[in-house]
Amino acid sequence: QGRESTAHSRAVFTWMRATLPPSAVVLASNDTLVYLYTGRKSVRPVPNSVAFYTDDHAGMLANFTGLDQLVGSFGITHILVSPGDYVTEFEPDDREQIIRLLLENPAHKTIYSADGFTVREIESPGLSVGFVR
């Protein structure tokens, strides 16, 4: 399954390696593969384990509802949303909310979308985070 998933991801990884600047920092559920296949730094939004043990859904989703703080803390410039993101860690309703938060933030712009993969660029007021073509 891992090999099949990685093969399915190759197109987006190839695009990211060719398009994103070397200084890009990507928020991704599978940060290791992003780094290995693109050479770009990647950060995984690690869930609050105490929130999981106490069934605190707001705490479980804190990294996503407070995405601006996470972006600022780690210098994140891009977000990768993949078809299998957060399936094993979160209940379906929570996962749906996470994906919505990642895809619908008006301060971010979609720069790639194909085969269930979406790459969004973080647009910060007064700060150019784009890349030169």
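A salt bridge is counted where a side-chain nitrogen of Lys or Arg lies within 4 Å of a carboxyl oxygen of Asp or Glu. By this rule the count comes to three salt bridges. The model is predicted: local features need pLDDT of at least 70, side-chain atom pairs count only at pLDDT 80 or more, and totals for chains, interfaces and linings use all residues. Residues are numbered from 1 along each chain as its sequence is written, and side-chain values use heavy atoms, with hydrogens and water left out.

**View 1. Salt bridge between Arg44 and Glu89.** The two side chains meet at 2.3 Å, N to O. Arg44 lies in the loop between β2 (41-43) and α3 (49-53), and Glu89 in the loop between β3 and α7 (92-103), so the pair ties together parts that are 45 residues apart in sequence. Helices (H or I, at least four residues) and strands (E, at least two) are DSSP runs, numbered from the N terminus. Arg44 is partly exposed, with a relative accessible area of 28%; Glu89 is partly exposed as well, at 22%. Buried means under 20% relative accessible area, exposed over 50%, and partly exposed in between (1.4 Å probe, protein chains only).

**View 2. Salt-bridge network of Lys109, Glu121 and Glu123.** The side chains of Lys109 and Glu121 meet at 3.7 Å, N to O. Lys109 lies in strand β4 (residues 108-114) and Glu121 in strand β5, so this pair ties together parts that are twelve residues apart in sequence. The side chains of Glu123 and Lys109 also form a salt bridge, at 4.0 Å, N to O. Glu123 sits in the segment after β5, 14 residues from Lys109 in strand β4, and the pair links distant parts of the chain. Shared partners join Lys109, Glu121 and Glu123 into one network. Lys109 is partly exposed, with a relative accessible area of 37%, and Glu123 is partly exposed at 36%, whereas Glu121 is buried at 5%.

**View 3. Side chains of strand β3 (residues 78-81).** His78 and Leu80 point one way from the strand, and Ile79 and Val81 point the other way. All of these residues are buried.

**View 4. Strand pairing of β3 with β1 and with β5.** Two strands pair if DSSP finds at least two bridges between them. Strand β1 (residues 25-27) pairs with β3 in the parallel sense over two bridges. The bridge partner of Leu27 in β3 is Ile79. Strand β5 (residues 117-122) runs antiparallel to β3, and four bridges join these strands. Thr118 in β5 stands opposite Val81.
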